[in-house]
Amino acid sequence: MQDWCKKRPHEWHKYINQEVRVTAHDKNEYQGWVFTVDPVSGSVVLVTLHGQQSTSVRVVMGHAVRDVEVLKEGDEEIAQQLNALFMPAGSQVLTN
Amino acid sequence: HTTGTDAVHVEEEQRLRTELRERFLRSLILMSNKEVYFSMYERVQVQAKFGASDIDILNFQVSDLQTPLGVQKEAILRCQDIISYSFDL
């Protein structure tokens with residue numbers, strides 16, 4: 001997938017909230033939920049959820065992306081979890 | 001087709017582009033002042049505290065860059081040299 005960086009916004013947008021495996025330069029593979037793809041550089045922002053304990057973010061630079069394979073469709077719960085991580089604290093709904 | 005449907009199409013692409021970009025900028029905000037691990041070309045791994053990026057995301061400004069050759073107090077990483085980077089939340 002050499003032309004990953006040349007995809008259109010609607011093609012990248014379809015990957016949001018999907019679980020994917022990104023193959024990068026040198027056969028490096030990364031797995032996670034897609035929060036976004038930067039439309040300028042094609043960089044993929046992946047989130048790995050390790051239960052309640054820890055969450056990590058991995059960004060694969062667009063120029064190093066070789067292939068992106070969808071593993072699982074995300075649901076509304078995943079979408080909300082991802083949004084809660086990145087959106088400002090003031091906009092989160094707090095419950096008792 | 002007509003120019004009208006083209007305009008709608010362009011507008012929709014622009015809306016999606018804005019949403020994708022806003023999300024990406026939020027990921028940069030979230031990364032500020034965090035320890036970030038960078039995988040560079042030639043299998044070099046470095047670690048540093050993320051400071052800021054320029055508007056075109058061509059360079060990252062970092063502090064306390066830990067390299068195999070020692071620690072750099074302040075440094076600029078060229079994004080074209082990076083394969084991927086990661087940080088914990």
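How much area do chain A and chain B bury between them? Chain A and chain B bury about 2900 Å² between them, 60% of it on carbon and sulfur atoms; buried area is the accessible area (1.4 Å probe) that two parts lose on being put together, summed over both. This is a predicted model, in which local features need pLDDT of at least 70 and side-chain atom pairs count only at pLDDT 80 or more, while totals for chains, interfaces and linings use all residues. Residues are numbered from 1 along each chain as its sequence is written, chains are lettered from A and ligands numbered from 1 in the order in which they are written, and side-chain values use heavy atoms, with hydrogens and water left out.

**Interface of chain A and chain B**

- In this interface 33 residues of chain A are in contact with 24 residues of chain B, where contact means heavy atoms within 4.5 Å.
- The rule finds three salt bridges across the interface, a salt bridge being a side-chain nitrogen of Lys or Arg within 4 Å of a carboxyl oxygen of Asp or Glu.
- Arg43(B) and Asp26(A) form a salt bridge through their side chains, at 3.7 Å from N to O.
- On the side of chain A that touches chain B, at least two residues each come from α1 (9-13), β2 (29-37), β4 (54-60) and α2 (76-86) of chain A. Helices (H or I, at least four residues) and strands (E, at least two) are DSSP runs, numbered from the N terminus.
- β4(A) gives the largest share of that side, six residues.
- The residues of that side of chain A divide into 19 nonpolar, 10 polar and four charged. Ala, Val, Leu, Ile, Met, Phe, Trp, Tyr, Cys and Pro count as nonpolar, Asp, Glu, Lys and Arg as charged, and the others, Gly among them, as polar.

**Strand pairing between the chains**

- β4(A) and strand β5 (residues 82-88) of chain B run antiparallel and are joined by five bridges; two strands pair if DSSP finds at least two bridges between them.
- Val59(A) has Tyr85(B) as its bridge partner in β5(B).

**Strands of chain A**

- β1 (residues 19-24) of chain A is joined to β2(A) by five bridges, antiparallel, with Thr23(A) opposite Glu29(A).
- The hairpin of β1(A) and β2(A) has four residues between the strands, and Asp26(A) in the turn has a positive phi of about 70°.
- Six bridges join β1(A) to the antiparallel strand β5 (residues 65-72) of chain A, where Val65(A) stands opposite Ala24(A).
- β2(A) pairs with β3 (residues 44-50) of chain A in the antiparallel sense over four bridges.
- Six residues lie between the strands in the hairpin of β2(A) and β3(A), and Gly42(A) takes a positive phi near 75° there.
- β3(A) pairs with β4(A) over seven bridges, also antiparallel.

**Domains of chain B**

- Chain B is divided into domain 1 (1-31) and domain 2 (33-89), with bounds from an automatic or database domain assignment.
- The centres of the two domains, taken over C-alpha atoms, are 28 Å apart.
- Between them, domain 1 and domain 2 of chain B bury about 730 Å², 71% of it on carbon and sulfur atoms.
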